[in-house]
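Here are some labels put to the test. Each answer sets a value against its cut-off.

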Amino acid sequence: QVQLVESGGGLVQPGGSLRLSCAASGSIRSIYAMGWYRQAPGKQRELVAAITSGGSTNYADSVKGRFTISRDHAKNTVYLQMNSLKPQDTAVYYCNADLATFFPPTRRDYWGQGTQVTVSS
């Protein structure tokens with residue numbers, strides 16, 4: 001019923017930029033928070049950035065000052081602007097949403113399929 005569709009991943013050189021987008025669709029009553037996680041080979045999934053419905057943001061220390069998360073409430077879309085990319089940013093990036101649906105009236109987390117970001121010379 002609810003789908004999260006990510007876009008914007010790709011291959012970029014160190015120091016370059018990418019913008020990831022994640023659009024939520026379906027029978028959505030309320031979105032409490034959306035965020036981005038990433039998982040590199042052999043490592044656990046980790047939080048990159050998150051934003052609440054009130055606009056509060058959280059960032060991993062490793063991306064502060066380089067990444068910016070934002071939301072377009074009318075489009076149920078979250079963005080991650082990634083600047084000054086480093087090789088260690090290479091990972092699959094997953095969109096996450098904490099949301100409630102109209103029917104059934106349930107609140108839970110949803111996940112996108114992931115988009116690959118590769119930073120390499």
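This is a predicted model: local features need pLDDT of at least 70, side-chain atom pairs count only at pLDDT 80 or more; totals for chains, interfaces and linings use all residues.

Q: Why is T115 called buried?
A: The relative accessibility of T115 is 12%. Buried means under 20%, so the label holds. T115 lies in strand β11, residues 115-119. Leaving out residues up to four places away in sequence, T115 touches E6, G9, L20, A91, V92 and Y93.

Q: Why does S21 count as buried?
A: S21 has 15% relative accessibility. The limit for buried is under 20%, so S21 qualifies. Strand β3, residues 18-25, holds S21. Neighbours within four places in sequence aside, the contacts of S21 are V5, E6, S7, W36, V78 and Y79.

Q: How do you know that strands β4 and β9 pair, and which way do they run?
A: Ten bridges join β4 (residues 28-39) to β9 (residues 91-101). At least two bridges are needed, so the two strands pair. They run antiparallel. R38 stands opposite Y93 in β9.

Q: What makes β4 and β5 a pair of strands?
A: Six bridges join β4 to β5, residues 46-52. The requirement is at least two, so this is a pair. These strands are antiparallel as well. G35 has A50 in β5 as its bridge partner. β4 and β5 form a hairpin, with six residues between them. In the turn, G42 has a positive phi of about 80 degrees.

Q: Why is the aromatic pair of Y37 and W111 called edge-to-face?
A: The ring centres of Y37 and W111 are 5.0 Å apart, with 65 degrees between the planes. Centres within 6.5 Å make a pair, and planes over 60 degrees apart make it edge-to-face, so both tests are passed. Y37 is in β4 and W111 in β10 (residues 107-111), so the pair ties together parts 74 residues apart in sequence.

Q: What places R107 over the face of Y32, and R108 over the ring of Y110?
A: R107 is 3.8 Å from the ring centre of Y32. The charged end of R108 is 3.8 Å from the centre of the Y110 ring. The distance limit is within 6 Å, so both pass that test.

Key:
Residues are numbered from 1 along each chain as its sequence is written. Side-chain values use heavy atoms; hydrogens and water are left out. Helices (H or I, at least four residues) and strands (E, at least two) are DSSP runs, numbered from the N terminus. Buried means under 20% relative accessible area, exposed over 50%, partly exposed in between (1.4 Å probe, protein chains only). Contact means heavy atoms within 4.5 Å. Rings of Phe, Tyr and Trp (its six-membered ring) pair if their centres lie within 6.5 Å; planes under 30 degrees apart count as stacked, over 60 as edge-to-face and the rest as tilted. A charge sits over a ring if NZ of Lys or CZ of Arg is within 6 Å of the ring centre and within 35 degrees of the ring normal.
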